[in-house]
Amino acid sequence: MTRFIPAFLALFLLLLVLYLGFQKHQTEEDQSKSALIGKLAPEFTLKTLDGKEVSLKDFKGKVVLLNFWATWCPPCKEELPLFEEVYQKYKDKGFVILAINTDPENLQDFLKKSNIKITFPILIGEDRLLELYPVRGLPTSFLIDREGKIVKVRLGTYRELEEDIRKLL
C-alpha cells in the first residue's frame, strides 16, 4: 500500500501543474480580450478578391463585425450562412460584415465549390493584422459599435450575433 503513495503524489502533482497552467492561459486570454473591449478598433486596409482596397474607416458610423475565418475551419463554414442571413436583415440599418480570410490560397476554390452565398465583403488577411487583432483561434469575431469601439470579442461560432447587433443599431 505504501508503494502506491509516491505514484499517487506524482499523479496529483502532475494534475495540479496542468490545472494551474490552464488557469494561467485562460487568465492571459481573458485579459487580451478584455484589453480590446472599449477601445477604438485599430485601423487597417486590406484587399478584396478583385483587388479593391477596403479600410475600416470606410464604415465609420456603422456597426461592423470583423470576422477572421478560414476555408478549412468547420465552425467558420457553419457561421457563414448565419452571417449572411443577419447581414441581409440589417445591412440597410447600418450593419456591415468584413470577413477576413486567413487562407487566401484556398479561397477561390472554396467559393466556387461552396453552396454558401456570401454578399458581404471578403477581405484577404495579412499577418500584420494579427498583431493588431489578437486571434487565438478560428473563427474569431470583433464586434465594433458606431463609434468605432470594440464591444465584444467572440472566439468560436457567433450564434448570438443578431441579438448583439440589435442592441447596437
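Predicted model: local features only at pLDDT ≥ 70, side-chain atom pairs only at ≥ 80, totals over all residues.

Analyst: First, a cut-off we need: a residue counts as buried when its relative accessible area is under 20%, and as exposed when that area is over 50%, with partly exposed in between.

C73 and C76 are both buried. Their sulfur atoms sit 2.4 Å apart and are joined as a disulfide. The cut-off for calling a disulfide is a sulfur pair within 2.5 Å, and by that rule the count for the structure is one. As for handedness, the torsion about the S-S bond of C73 and C76 is about 80°, so this disulfide is right-handed. For reference, a disulfide is a covalent bond between the sulfur atoms of two cysteines.

Now step back to the whole chain. The protein has 169 residues, and 38% of them count as buried, the class that C73 and C76 belong to. There are five helices and seven strands, and starting at the N terminus they run α-β-β-β-α-β-α-β-α-β-β-α. If you take contacts between residues at least 6 apart in sequence, 69% of them join residues at least 24 apart.

One backbone spot is worth a look too. Most peptide bonds are trans. The one from L138 to P139, however, is cis, with omega near -5°. P139 is found in the loop between α4 (127–132) and β6 (140–144).

On to the charged side chains: the structure holds eight salt bridges. One of them pairs D109 with K113, with 3.3 Å between the closest N and O atoms. Both residues lie in helix α3 (residues 104–113), four residues apart, or about one turn of the helix. D109 has 41% relative accessibility, so it counts as partly exposed, while K113 comes in at 64% and is exposed.

Another salt bridge brings together the side chains of E126 and R128, at 2.6 Å from N to O. E126 is partly exposed at 36% relative accessibility, and R128 is partly exposed as well, at 38%.

Then there's E160, which forms a salt bridge with K152, the closest N and O atoms being 2.9 Å apart. E160 has 22% relative accessibility and counts as partly exposed; K152 is partly exposed too, with a relative accessible area of 24%.

Last stop, the largest pocket. About 190 Å³ of space lies in it. It is lined by 15 residues, and the closest to its centre are L56, K57, K60, E147 and G148. By class, the lining of this pocket has six nonpolar, two polar and seven charged residues.

So, back to where you asked me to zoom in: the C73 to C76 disulfide joins two buried cysteines, and its S-S torsion of about 80° makes it right-handed.

Conventions: Residues numbered from 1 in each chain as written. Heavy atoms only, no water. Buried < 20%, exposed > 50% of the residue type's maximum accessible area, 1.4 Å probe, protein only. 1 Å grid on protein atoms, 1.4 Å probe; cavity = no way out; pocket = protein on both sides within 12 Å on 5 of 7 lines; lining within 4 Å. Points joined across faces, edges and corners; volume = space filled by probe spheres on them. Nonpolar A, V, L, I, M, F, W, Y, C, P; charged D, E, K, R; others polar. Helix = DSSP H or I, 4+ residues; strand = E, 2+ residues; numbered from the N terminus. Salt bridge = Lys/Arg side-chain N within 4 Å of Asp/Glu carboxyl O. Contact = heavy atoms within 4.5 Å.
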